[in-house]
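Trainee: Could you take me through one part of this model slowly, strand by strand, and then show me what lies around it? I would like to follow along in the viewer.

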Amino acid sequence: MTQNYLLDIATWRERKTGFKGIPSVCSAHPFVIEAAMLHALRAQSPLLIEATCNQVNQDGGYTGMTPADFRAFVEQIAAKTGFPMTDVILGGDHLGPNPWKAMSADAAMEKAETMIRAYARAGFTKLHLDTSMGCAGEPVALSDEVTAARAARLARAAEEAIVDAAGPQPVYIIGTEVPIPGGAMEEIEELEPTKPDAAAETVRIHARAFEAAGVKDAFQRAVGVVVQPGVEFGNHNVIAYDRQKAKALSESLAGLPGLVFEAHSTDYQTRAALRDLVADGFAILKVGPGLTFALREALYGLDQIATFLFGDSRTATLLQVAEDVMVSDPGNWNKYYHGSDEEQHLQRHFSYSDRIRYYWPQPKISAAVSNLLELFGDTDIPETMISQYLQRLYPLVRDGKVAPTATGLIVGAIDLVLEDYFEACKA
């Protein structure tokens, strides 16, 4: 059986060449995945792509995709880009009862077991077990013992689902020191890193729970612990990594052999901060909204260029269509964006939380994007307009590194973010 690429990730810090960490691309947008594959091809690197429990599950999630559907979706983009699927690592993030937490614990955990079996059977080989949230009638946050017992129950379900399967066995990520899937729900000013003792206790309790559940061998494939290194973003601000504050947590890895830390919400960190995170043992860097934020920037820049170049060819701009849809269907943003009407209007389009990402598949917005791209076709966009509206891409266009076409600029904008992550992970 082929060994899981991530199984020895704890030893990567000792490498003289290659990668000391790995970016985790958390997005279901085809442009994001295409850009990530093209970058990984150039970097000669495997590519970790993750889906969350709310995004992809047996009921379809908010993307409408099951785990098998998501794999097929990734395979289609791999065929388009020429990226080998053997170099794709599919991950499942926050796998647990969160999508069904309004149900009783028994019912929600049954749903979670069905979900993780579907992920495992579809060939997802990095599984983050997140069972920390209370279900109906329970506290919002559960004790470590209950969380670990439920995580071990899900690991057992995954192991049973692939008992006769070929291919690498999954590795597991434990711990939940992060906001719920979708990001922080309130304004943030400062974060304290996880206490070293808390991280060690999480590992000890999970080891005991896995043994009690009869999946002690599976715990040997636990390779990472989700902790809070002190990074996060809200709607308006980013909390930058402070390695001095995380020093004790980083040093505690020495007492956790075979494990690395997984850092969530690393979006919008500088390349230097990302490099420090990897050097300090946070070897798995999750990024999602930061990538779709760059996608949105590119689309809105093209929207403005099209308004100048194509005049009356459209009845509404992309921004206008997006605004109309989000106002008429506020379910994906109204719990997160607060303040006056003007403040909410700003956040709908320009928030770091980037909750507009949930709306790109919406038929009216998708049609507006398609119309925008059809207007441009494969023609070259004037460099002077790229300088005006997509300034960060202008030097790359001038150097011939980014094609001055609509799709070239979109992929190029996303790639600027990916470059920070891949460079930060290099030895």
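Mentor: Happy to! Strand S6 is joined to strand S9 (residues 260-263) by 4 bridges, and the two run parallel. To find this pairing on your screen, look for Val225, whose bridge partner in S9 is Phe261. Please keep in mind that this is a predicted model.

S6 also pairs with strand S5 (residues 171-174): here 3 bridges connect the strands, again in parallel.

Next, pick out Ile9, which sits in the segment before strand S1 (22-25). Ile9 touches Val223 and Val260, and its other contacts beyond four places in sequence are Ile22, Ala283 and Ile284. With a relative accessible area of 1%, Ile9 falls under the 20% cut-off, so Ile9 counts as buried.

Finally, turn to a pair of helices. Helix H9 (residues 289-310) packs with helix H10 (residues 318-328) at an angle of about 125°, and their axes are 9 Å apart. The two helices are therefore oblique to each other. Leu299, Tyr300 and Asp303 come from H9, and they meet Leu318, Leu319 and Ala322 of H10. Sorted by type, the residues of this contact are 5 nonpolar, no polar and 1 charged.

Technical notes
Residues are numbered from 1 along each chain as its sequence is written. This is a predicted model: local features need pLDDT of at least 70, side-chain atom pairs count only at pLDDT 80 or more; totals for chains, interfaces and linings use all residues. Side-chain values use heavy atoms; hydrogens and water are left out. Buried means under 20% relative accessible area, exposed over 50%, partly exposed in between (1.4 Å probe, protein chains only). Contact means heavy atoms within 4.5 Å. Two strands pair if DSSP finds at least two bridges between them. Axes are lines fitted to C-alpha atoms, for helices over the stretch in contact, and angles run from 0 to 180 degrees between N-to-C directions. Angles under 35 degrees count as roughly parallel, over 145 as roughly antiparallel, 65 to 115 as roughly perpendicular and the rest as oblique. Ala, Val, Leu, Ile, Met, Phe, Trp, Tyr, Cys and Pro count as nonpolar, Asp, Glu, Lys and Arg as charged, and the others, Gly among them, as polar.
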